[in-house]
Amino acid sequence: MAAEIIDGAAIARGIRSEIAQSIRDLGSRSSITPGLVAVLVGNDPASAIYVRNKRLACDEVGIFSTTIELPSSISQIELMEQLIGLNQDDRFHGILVQLPLPSHLDQRLIIETIAPDKDVDSLHPINVGRLADGQSTFLPGTPAGIQQLLLRSGFDPAGQHVVICGRSNIVGKPLAMLLVQKTYGGNATVTVCHTATRGLPEITKGADILVSAVGSPNTITPDMVSSDTVVIDVGINRIPDPSKKRGYRLVGDVDFEGVSEIVKAITPVPGGVGPMTIATLLGNTLKGAEIAAGRMGGIPTT
Ligand code: NAP
């Protein structure tokens, strides 16, 4: 039996419309327009596309956004100075540094330069710590997007065995931390797998919810799933496709054709997790603006 397709694009559309309404509400009780600045270093075409998509989503919901484009030759100090300036710029409630950065820049140090209350990607160690503590200001983009995807498609993680393939700082680890919290959207029993995991197919077969964030096509095959599994495919991989004008197409980590014949539900790539990640970013920028409004006592300033 073919699996239910979890339509991340439609769910994200619904979230964007809720955010747009909240932004209108915020505007009616303060003069604040949420603002997001994206910092793009170098000319990696994929990064430029990601930033452009985020800005288009900002426009749609009423977030003021701008991109600061910097040469790949920028020094560590110069980039840090830019960020220190943005930390103090009241127009922006969120700062996003598009990763990866050129290799001469210390990514960790750059992230730590962003003020934690503007770190809408939730990568600053203070925000990582708050997540572990169950006291998040900003939720991590892709993990929170996955959590919403599950909740809004009727697959509450509570009490479920969630198996996550991948332990990166942006997906695997924060997702595990989010889903294990004793709160709504959490209460899952989480197993995190990686390249040193032994007997991966046996572990994934036992999953109620299987999340793959590995970054390699066809990693999850039909022998690794069961008919009760809900599969969330985070991977975004380019594979050559001469039939496409651009010469490639995007696929996830999962053998979609084979696995979707077996499992209960599955997300497509594209149109699954990707739009949800952007929705979280918008929600975090709104939250930053609401915090700023709260600091001003919620008193209309115009
Ligand atoms: P990453 O930093 O490269 O981490 C990959 C993780 O997968 C590592 O922990 C690695 O284990 C593990 N892994 C690799 N091969 C494996 C295998 N055969 N079995 C089990 N584990 C394996 O990747 P990432 O940044 O988390 O991204 C993962 C994928 O998600 C990429 O395709 C990326 O483009 C995509 N992504 C999508 C979104 C979205 O919004 N849709 C957002 C973020 C990322 P080790 O730690 O042992 O090396």
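About 530 Å³ of space lies in the second largest pocket of this predicted model. A pocket here is an open set of points on a 1 Å grid over the protein atoms alone, with protein on both sides within 12 Å along at least five of seven lines. Its volume is the space filled by probe spheres set on the points, and grid points are joined across faces, edges and corners. This is a predicted model, in which local features need pLDDT of at least 70 and side-chain atom pairs count only at pLDDT 80 or more, while totals for chains, interfaces and linings use all residues. Residues are numbered from 1 along each chain as its sequence is written, and side-chain values use heavy atoms, with hydrogens and water left out.

**The second largest pocket**

- H10 gives the most, with eight residues.
- Sorted by class, the lining holds 11 nonpolar, 13 polar and four charged residues.
- In this sorting, Ala, Val, Leu, Ile, Met, Phe, Trp, Tyr, Cys and Pro count as nonpolar, Asp, Glu, Lys and Arg as charged, and the others, Gly among them, as polar.

**The whole chain**

- The protein chain has 10 helices and 11 strands; these are DSSP runs numbered from the N terminus, with helices (H or I) of at least four residues and strands (E) of at least two.
- For 302 residues, a compact globule would have a radius of gyration near 19 Å, and the 20 Å of the protein chain agrees with that.
- That radius is taken over C-alpha atoms, and the globule rule is 2.2 Å times the number of residues to the power 0.38.
- The C-alpha trace spans about 60 × 40 × 35 Å along its principal axes.
- Of the 302 residues, 48% are buried (buried means under 20% relative accessible area, exposed over 50% and partly exposed in between, using a 1.4 Å probe and protein chains only).
- Among contacts (heavy atoms within 4.5 Å) with a separation of 6 or more, 71% join residues 24 or more positions apart.

**The nonpolar cores**

- The largest nonpolar core has 48 residues, and Ile6, Ile146, Val211, Val230, Ile232, Val234 and Leu282 have the most contacts inside it.
- A core of this kind is a set of buried Ala, Val, Leu, Ile, Met, Phe, Trp, Tyr and Cys residues joined through side-chain atoms within 4.5 Å.
- H10 supplies the largest share of this core, 10 residues.
- Ile146 is in contact with Leu175, Val211, Ile232, Val234 and Val273, leaving aside its neighbours within four places in sequence.
- There is also a second, separate core of 16 residues, which includes Val41, Leu70, Val97 and Ile114.

**The cavity**

- One cavity of 30 Å³ or more is counted, where a cavity is a set of grid points at which a 1.4 Å probe fits but cannot get out.
- The largest cavity has a volume of about 40 Å³.
- Its lining is made by Val97, Leu99, Ile111, Ile114, Asp119, Asp121 and Leu123.
- By class, that lining has five nonpolar, no polar and two charged residues.

**Backbone features to look for**

- Most residues other than glycine have a negative phi, and most peptide bonds are trans.
- Leu99 and Pro100 are joined by a cis peptide bond with omega about 0°, and Pro100 sits in the loop between strand E4 (94–97) and helix H4 (107–113).
- Another cis peptide bond, with omega about -5°, joins Val269 and Pro270; Pro270 is in the loop between strand E11 (265–266) and H10.
- Ser122 is not a glycine, yet its phi is positive, near 55°.
- You can find Ser122 in the loop between H4 and helix H5 (125–133), and at 6% relative accessibility Ser122 counts as buried.
- Asn187 also has a positive phi, about 60°, although it is not a glycine.
- Asn187 lies in the loop between helix H7 (172–179) and strand E6 (189–193), and with a relative accessible area of 38% Asn187 is partly exposed.

Conventions
1 Å grid on protein atoms, 1.4 Å probe; cavity = no way out; pocket = protein on both sides within 12 Å on 5 of 7 lines; lining within 4 Å.
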